[in-house]
Amino acid sequence: VTLRADEDVTTVTCVSAGVRSLTSRVVQQNDDAVSDVMLVKMENPFKEPPKGCVLCSVQVDYKNVQLLSQFISPYTGRIYGRHITGLCGRKQKEVAKAVKKAHSMGFMSVTHKHPQLMTDPNICGVKLLV
Amino acid sequence: MPRYELALILKAMQRPETAAALRRTVETLMERGAVVRDLENLGEKLLPYKITKHNERHSRGAYFLLDFYSSPEILPGFLNHLHRDVDVVRPTVLKKDAQAPSSTNCCGSAQ
């Protein structure tokens, strides 16, 4: 088969490779059908449940000295900042307020952490000198 | 009526004297028209810091929690009475908010 102008090429392809073009068109249609199926709108099945802070479902109370002592320094009794505790805004504020309340009401020491509570698990990930 | 909570720290005393002090407090409260709901004993503990009250330095105290309903007008008078009581080391009245904080409402992770 001699190829001359574009028309010829197209005609040639149409004729000789007519089957091919047809099949390719069919394949394209199939692709569309397949892609339509793939793009059905649904919620992301791999979505992770929303992460909350450590105290998400815990009520913070000024009487709960053990809980509050986990967020203060054992050496100085200072309240750790948000970047250390990893709490969300609301809970950090609640903890800070509860600690101050406990200080003023005579429930918790200001300058240190109660020695019995020193062995509590470390939430804030602070490395202490043993 | 609003609901209040009294965190009472009494001097470390013998049982009959502690009972008498508590009785005095509750009766004062009831005289002024409050309704006492609950009285909890949180035990006798070492105070977190030494407290000086009524010319006496306290290192141990008996912790009590008193729930009551009352009108807000009696509170200043009641606190005054408590401050004058020799057996009381530190009285604190707090308002109790009966909120049910929705836990699902809280935060996405801060970091």
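Trainee: Buried means under 20% relative accessible area, exposed means over 50%, and partly exposed is in between. Which of these does B:K96 count as?

Mentor: This is a predicted model. In it, B:K96 has 28% relative accessibility, so B:K96 counts as partly exposed.

Trainee: What does the side chain of B:K96 meet in a salt bridge?

Mentor: The side chain of B:E5, at 2.8 Å from N to O. B:E5 lies in strand β1 (residues 3–11) of chain B and B:K96 in the segment after β4 (88–95), so the pair ties together parts that are 91 residues apart in sequence.

Trainee: And B:E5, buried or exposed?

Mentor: B:E5 counts as buried, because its relative accessibility is 5%.

Trainee: OK, what about B:R24 and B:D85, how do their side chains meet?

Mentor: In a salt bridge, again with 2.8 Å from N to O. This pair links distant parts of the chain, with B:R24 in helix α1 (residues 15–31) of chain B and B:D85 in the loop between α2 (75–84) and β4 of chain B, 61 residues apart. B:R24 is partly exposed at 34% relative accessibility, whereas B:D85 is buried at 9%.

Trainee: Which residues do salt bridges with shared partners join into one network?

Mentor: A:D61, A:K63, B:R3, B:E5, B:D67 and B:K96.

Trainee: How many salt bridges does the structure hold over all chains?

Mentor: It holds 12.

Trainee: Switching to chain A. Where do A:E94 and A:K91 lie?

Mentor: Both lie in helix α5 (residues 89–105) of chain A, 3 residues apart, which is about one turn of the helix. A:E94 is partly exposed, with a relative accessible area of 30%, while A:K91 is buried at 7%.

Trainee: Why do residues three or four places apart point the same way?

Mentor: Because an α-helix has 3.6 residues a turn.

Trainee: How many residues does α5(A) have?

Mentor: It has 17, and reaches 24 Å from first C-alpha to last, close to the 24 Å expected.

Trainee: Which residues of α5(A) are buried?

Mentor: A:K91, A:Q92, A:V95, A:A98, A:V99, A:A102, A:H103 and A:M105.

Trainee: What covers the buried residues of α5(A)?

Mentor: The cover includes α3 (65–69) and α4 (82–85) of chain A, together with β1, β2 (35–53) and β4 of chain B.

How values were computed
Residues are numbered from 1 along each chain as its sequence is written. Chains are lettered from A and ligands numbered from 1 in the order in which they are written. This is a predicted model: local features need pLDDT of at least 70, side-chain atom pairs count only at pLDDT 80 or more; totals for chains, interfaces and linings use all residues. Side-chain values use heavy atoms; hydrogens and water are left out. A salt bridge is a side-chain nitrogen of Lys or Arg within 4 Å of a carboxyl oxygen of Asp or Glu. Helices (H or I, at least four residues) and strands (E, at least two) are DSSP runs, numbered from the N terminus. Buried means under 20% relative accessible area, exposed over 50%, partly exposed in between (1.4 Å probe, protein chains only). The expected span of a helix is 1.5 Å times one less than its number of residues. Contact means heavy atoms within 4.5 Å.
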